[in-house]
Amino acid sequence: MSEKLIETKMINKSFHDPITIPILKDISFSIDKGEFVSIIGKSGCGKSTLLYILSTMDTDYEGELYINNQLITGLKERELARIRNEKIGFVFQFHYLLNEFNVLKNVMLPGIKLGKYSLKEIKDRATEKLIILGIEDQALKMPNQLSGGQKQRVAIARALINDPQIIMGDEPTGNLDIKNTEIVFDIFQELTTKFNQTLLIVTHDIEFANRTNRIIEMEDGRILTK
Amino acid sequence: MNQKLIIDIAKSLLLARWRQTLVAAVGVTFSIMMFIALLGFMTGLNDLLDGLILNRTAHVRIFKEVKPNPFQPADNQNEIGYNFVNSIKPSGNGLSLDNTAAILSALKNDSRVLGVSPKVTAQVFYNVGNVDVTGVINGIDVEAESKLFHFKDYVLDGNYLDLKNVPNSIILGKAAAEKMLANIGDVVQVTTPKGDRQMLKVVGFFQSGLQELDKVQSYCSLSTTQKLLGKPVNYITDMSVKLLDLTLAPKVAKEYSALFDTDTEDIQTANSQFETGSSVRSIISYAVGITLLIVAGFGIYNILNMMIYEKMDTIAILKATGFSGRDVKLIFTTIATSIGLFGGMFGLLFGFLLSSVIDQIPFNTAALPTIKTYPINYNIKYYVIGIIFSLITTYLAGLFPAQKASKIDPVDIIRGK
């Protein structure tokens, strides 16, 4: 049996404004190392909410979250920031690159923040990630000079810079056309097969989900199938 | 590493919006500039006005008041009880201080004393044709008076040292000289109250700035005045003592009064109004300067607030990729204080330049013949206060927006798209 990377125990979350509406109900599941998992479900079923809880950014919930068998629930904001920096890589629907920095610097930033390697090593590693994603020639451009698909690939490179244990994506292909969606999916596929990267992707796109190792379907705040 | 990264990000955010940054920095620069120029100018004027009094006033004046002897012969006859004596008149040898040589040497040996200038005051008449004009001649020790009380600054024409070098010479009050139509090199005649006449050569003019004073006051050397009055060389009516520490004056005055058995007056008692004036003037200049900085602080607060609204996405992504709230706060306070630092430094520079310009503006006043331009105080103290205050205001102005930025929930921003 393979190792559990993320595990949740009875996670519940409600919105209280203006009236209490339960969003997530008794979510208990786990993701193993090396899995390529997708979460699908209708709008408002709580799949994004769940992702943000797993990402440690949302701390307003009941229940317990474990990453690497370490209890994450109740940790301080600074410790959570450190975990996000070191163990989790993000890809969002919108690329969220920093327009003030060039592509290379955007990829490097989380690495510099982690401070594990020297600046030169981080630069080499960032270039290496850009090569994997096939956009090393764009390294010195500013983000606003890139196409949507290129931007999303830069965002993936940024997510990879600290060799995270898991990459989480919130509709990473939601804004992309079919061709770029295909490219991004291929990159994910390559990461999981070649580098044994764990991936957790929230998506609307059933076709996209069907090609992943495992689909978690959600409805009304509950997990339907595993 | 972390610090360097935060400075790096702050710098990029600043440069990405350099126009806005410039506006904020110019606000700080302007306030600091005005703060420096204003304070330099105000305190320069303050020092000038203080100098009007301080330069020319003895810290402790030793003199003898004309007054009746408190001990009357009747007291010898009837030592117990009260003696009623009518029509008591002042007695003794008038205005002369006793034992002047001993007093002078005692003062010279006192470590608190910077210097002493002895003086003889003589009431005279200037004889102009057949009209007599009343006047006062101050016999002074020219060098001591110059060194301690800036005598030479008030001598308009002629060389003040001639007073010492030319025998029987006089420096006339400017207004008195005009009345007598006397020029340098002329000889004027003065008559003492006892009827002695003396011819004195005019070697210069003196202008104190007080017209009434210049009409009557003239200066001679100590020996000339003593000769005029027919008094010996130990005849001294006044001693002006300058202390190292002005604040000791009242205590020292009291001490000398008892020691030398004479009358003394300290500068604080003689000029109590001047201290009040100067402290009020400094308070006003500080108030204006600080108001300017606070206004600039609000400008920075506004700009940072706007910047944070604009940079919501950046803040959210920084947080998502592992920057803590504290890091975000540091980034924004770094932005604010660097605006303060650079704006403040340019403010100091421009403040200095503006001060130098003011320093060149002509300013002629009858009261101070040596002052030709507006006075400026270039005390480094105001520059230090300026830069520290600009850092503090900008830090505080940045603190609240930074706090807000540090509390931004990345989920709200990212999901809001």
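In this predicted model, strand E4 (residues 62–67) of chain A and E5(A) run antiparallel and are joined by two bridges. One residue pair can be named here: A:Tyr66 has A:Leu71 in E5(A) as its bridge partner.

Both strands belong to an open sheet of four strands in chain A, with the order E2-E1-E4-E5 and antiparallel pairing. The edges of this sheet are strand E2 (21–32) and strand E5 (70–71) of chain A; each has a single partner strand, so one side of each is left without a neighbour in the sheet. In general, strands of a sheet pair through backbone hydrogen bonds, either parallel or antiparallel.

Chain B contains 16 helices and nine strands. Some overall values for this chain follow.

| Property of chain B | Value |
|---|---|
| Radius of gyration | 33 Å |
| Box filled by the C-alpha atoms, along the principal axes | roughly 110 × 60 × 35 Å |
| Share of buried residues among the 417 residues | 38% |

For a compact globule of 417 residues, the radius of gyration would be near 22 Å, whereas chain B has 33 Å. Of the contacts in chain B with a separation of 6 or more, 78% are between residues 24 or more positions apart.

The two chains also touch each other. Their contact takes 24 residues from chain A and 21 residues from chain B. On the side of chain B that touches chain A, the elements giving two or more residues are helix H1 (2–16), helix H13 (312–320), helix H14 (325–360) and helix H16 (410–416) of chain B. H1(B) gives the most, with five residues. By type, the residues on this side of chain B divide into ten nonpolar, seven polar and four charged.

Terms used:
Residues are numbered from 1 along each chain as its sequence is written. Chains are lettered from A and ligands numbered from 1 in the order in which they are written. This is a predicted model: local features need pLDDT of at least 70, side-chain atom pairs count only at pLDDT 80 or more; totals for chains, interfaces and linings use all residues. The radius of gyration is taken over C-alpha atoms; the globule rule is 2.2 Å times the number of residues to the power 0.38. A residue is buried if 20 or more other C-beta atoms lie within 10 Å of its own, exposed if 12 or fewer, and partly exposed in between; C-beta atoms are placed from the backbone. Two residues are in contact if their C-beta atoms, placed from the backbone, lie within 7 Å. Ala, Val, Leu, Ile, Met, Phe, Trp, Tyr, Cys and Pro count as nonpolar, Asp, Glu, Lys and Arg as charged, and the others, Gly among them, as polar. Two strands pair if DSSP finds at least two bridges between them.
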